[in-house]
Amino acid sequence: MAAKKSNKEKTVKENKTNTKKMSSFFVWECDILVLNVLGTPGAKQDAIGKVKGNQLKISVTEAPRAGRATDHMVRFLAKEFDVAVSDIEVYLGRMNVNKQLRIKAPKQLPAVIATANAMIC
């Protein structure tokens, strides 16, 4: 007899099937910026780095404990995109270095995104 899947396993599977395959590190869905991130916790400074494959490297100073680094990253990015913290949703990867964020109506774009965005248009 097969074992039942836990709710956590079902949620992970649903999230994987609901996620679009992105060829870039970001995509626009109306006014929402969907951003694939490769996080680096415990860095010397908070910084938006370079693109690596289909992810944007983002370093934060907070150590990776109980989601604190992710929370710190969201606060840092809220300032960078000039949005409220509540306008950034960690869609996937809250406790992982690989994340997908959804940023609602960013008022400004960091240079790496603005440059790539200009190339797409």
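**Ground rules.** I'm working from a predicted model, where local features need pLDDT of at least 70, side-chain atom pairs count only at pLDDT 80 or more, and totals for chains, interfaces and linings use all residues. Residue numbers run from 1 along each chain as its sequence is written, and side-chain values use heavy atoms, with hydrogens and water left out.

**Salt bridges.** I looked up the total and got 2 salt bridges (a side-chain nitrogen of Lys or Arg within 4 Å of a carboxyl oxygen of Asp or Glu).

I took Glu-29 with Arg-102, where the closest N and O atoms are 2.9 Å apart. Glu-29 sits in strand β1 (residues 26-29) and Arg-102 in strand β6 (residues 98-104), so this pair links parts 73 residues apart in sequence. My strands are DSSP runs of E, at least two residues, and helices are runs of H or I, at least four, numbered from the N terminus.

I checked accessibility too: Glu-29 is partly exposed at 25%, while Arg-102 is buried at 15%. Buried means under 20% relative accessible area, exposed over 50%, and partly exposed in between (1.4 Å probe, protein chains only).

Next came Arg-94 with Asp-71, closest N and O atoms 2.9 Å apart. Arg-94 is in the loop between β5 (88-92) and β6, and Asp-71 is in helix α2 (residues 68-81), so the pair ties together parts 23 residues apart in sequence. I found Arg-94 partly exposed at 35% and Asp-71 partly exposed at 31%.

**Ala-116.** I placed Ala-116 in helix α3 (residues 111-120), buried at 16% relative accessible area. Leaving out residues up to four places away in sequence, Ala-116 touches Phe-25 and Phe-26 (contact is heavy atoms within 4.5 Å). Ala-116 and Phe-25 are 91 residues apart in sequence, yet 9.6 Å apart C-alpha to C-alpha.
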